[in-house]
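Subject: Structure handover

Hello,

Here is the structure for your files. My notes on what was found in it follow below.

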Amino acid sequence: MSQRSDAIAMRQEAHAPVARARRSTIDTRLATLLLFLPPALMLFTLFVVLPIGEAAWYSGFNWNGFGKPTRWIGLDNYRFVFDSRGFGTAFKNNLLIIVVSLTIQLPLAMALALILAERFRGAVALRMLFFLPYVLAEIATGLIFSFIYDGNYGLLASIYRAFGAEAPHLLASTQTSMLAILIVVVWKYFGFHMMLFIAALQGMDRNLVEAARIDGASRWQVLRHVVIPLLYPTIKLSIFFAVVGSLQLFDLVMPLTRGGPADSSNTMVSFLYNHGVSRMRVGYGSAIGVILFVICVTFAFSYKRWFMRNE
Amino acid sequence: MSDALAPRRPLDLVPLYKAVFLGLVALVVIVPLLATVLGGFKSLGELRTNPFGLPETWEWENYTGILLSQRYWQLLWNSLVIAALTVVLTLIVASMAAFVFAHIHFFGSSMLLSYLTMGLLFPAATAILPLFIKVRDLGLLDSYLGVALPQVAFSLAMSILLLRRFFRDLPHELLEAALVDGCSYIDFFRHVTLPLSRPILATVGTITFVHSWNSYLLPLVMLNSDSMYPWPLGIMIYQGEFSAEWHLILAFITLTILPTFLLFTLAQKHIVAGLTAGAVKG
């Protein structure tokens, strides 16, 4: 009897630390939660979420940022934005960047990746070289190209002079300013997309390609019917980043053209900067911000929903 | 031997095409960069007459003049302080949150995670004016923190996702054993999770650093005295002052991208992994 109760007591003894540990686990779990989560939540709410909400609120006012916003003008700011020709141009320029990314940058990146995903001497060095422009600051890249495009001292000008032609001032003409920016966009970002494709190709099952080759498929057929279908997820991803990147393009525009001449080369963000921020038109600028926000979120959600359902 | 047995095929030109293609692209990438570095060694006159070649006389003064100026070092220092603040704060705040999301199940955890990852959907530019007013009202205008804190807030989403995935992949038995032994979550985080997570912390730190080091819009809006400017703002001002003296501007550009270049060669593994893996996950 006593022996049995001893045994029970012993067993309880043995369980006690576990139970205690479990209880204290729940306590420390709560403590951890209360200690670890709030910094992130607060920072994020304060500097990311609230400003978006405030942008929606401020966009109803005619306000220069000083004192409190008092002059409520309803949706007028949105009307001003949509009525201005500059914003229309900026929107079209953003679309143009997307089109060029898809028709020139993406095939270029994929072609390079197909070559450089193979192992050969110099492949890694070339990958790094092509990725380098992506790491450089947009500001530095923009300045380098504003030198290249410079009508007097630039590399382009000296090429023209070598052929005895007058050098064009690409950045100073409303006809060519956007072309000049598009070239830099491709130069700067193709390496990033190439790396995405290289990562995908290296994770690909080589046996599929080998099998197709053994079955007598030509190099082109393997590419067309085996490799590219396997790359679809990466292609979708690359398109996603091209669009998102276009929607936030700003730093590159400033050193090249500042959106000019005559608002010909603005993106939506540089339009927001030039017409909202630098003139402290808080209501107007906020309205542009809200429009941009709606475009970004709508795009992200519908793209994920329609094209990336499985990922 | 195989030559004799195999049917004679037409000469394979594909490798040649590939090589030419790679060579052309490499040229297009290298020439602008090289012209910038070399251009910094030329005189303004030579820039015009000899744009592509090596300088006839190496004008070291272009570079030494900038290197000996206080201005250059001040710009780099400001960039470094802002980037360091951003990286340290991001790593601390994001790893703590990621730890909770990786190991602690609680009501609403997935909702809170989706809330935080909303930050991936839109750029900081969308709310830049209210953000400016917020930072002004907090009295942080024209301070390092006024730039760093919003940068941290905007880098949280991606950092938390990357860290959480890594934390979750650490062997789960470790945590269970530690908890049974009476170790608290916080001790486990400090003494087990963080030391084991050095690779991902390095990756997240490097991406955050590169983004902050290169960033332009936030400092442009938040800072208004020259002495606080990071280098992308400083170089734009420099270009405004020396507008036609391209040899000086090119030297200045070269010296400001040099740190990025060095970091890239030293930490290329982390940079490539972070910028692409982060992208894939995002």
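**A helix crossing and the overall layout**

In this predicted model, helix α2 (residues 76–83) of chain A and helix α12 (residues 282–307) of chain A have axes that come within 9 Å and cross at roughly 75°. Angles of 65 to 115 degrees count as roughly perpendicular, so α2(A) is roughly perpendicular to α12(A).

The residues involved are as follows. From α2(A), A:N77, A:Y78, A:F80 and A:V81 take part, and they meet A:G283, A:Y284, A:A287, A:I288 and A:I291 of α12(A). Sorted by class, this contact between α2(A) and α12(A) holds seven nonpolar residues, two polar ones and no charged ones.

As for secondary structure, chain A contains twelve helices and zero strands. Its pattern along the sequence is accordingly α-α-α-α-α-α-α-α-α-α-α-α.

On overall dimensions, the C-alpha trace of chain A spans about 115 × 75 × 35 Å along its principal axes. The radius of gyration of chain A is 28 Å, whereas a compact globule of 311 residues would have one near 19 Å.

Two further figures concern packing. Of the 311 residues in chain A, 41% count as buried. Among contacts in chain A with a separation of 6 or more, 67% are between residues 24 or more positions apart.

Regards

Technical notes:
Residues are numbered from 1 along each chain as its sequence is written. Chains are lettered from A and ligands numbered from 1 in the order in which they are written. This is a predicted model: local features need pLDDT of at least 70, side-chain atom pairs count only at pLDDT 80 or more; totals for chains, interfaces and linings use all residues. Axes are lines fitted to C-alpha atoms, for helices over the stretch in contact, and angles run from 0 to 180 degrees between N-to-C directions. Helices (H or I, at least four residues) and strands (E, at least two) are DSSP runs, numbered from the N terminus. Angles under 35 degrees count as roughly parallel, over 145 as roughly antiparallel, 65 to 115 as roughly perpendicular and the rest as oblique. Two residues are in contact if their C-beta atoms, placed from the backbone, lie within 7 Å. Ala, Val, Leu, Ile, Met, Phe, Trp, Tyr, Cys and Pro count as nonpolar, Asp, Glu, Lys and Arg as charged, and the others, Gly among them, as polar. The radius of gyration is taken over C-alpha atoms; the globule rule is 2.2 Å times the number of residues to the power 0.38. A residue is buried if 20 or more other C-beta atoms lie within 10 Å of its own, exposed if 12 or fewer, and partly exposed in between; C-beta atoms are placed from the backbone.
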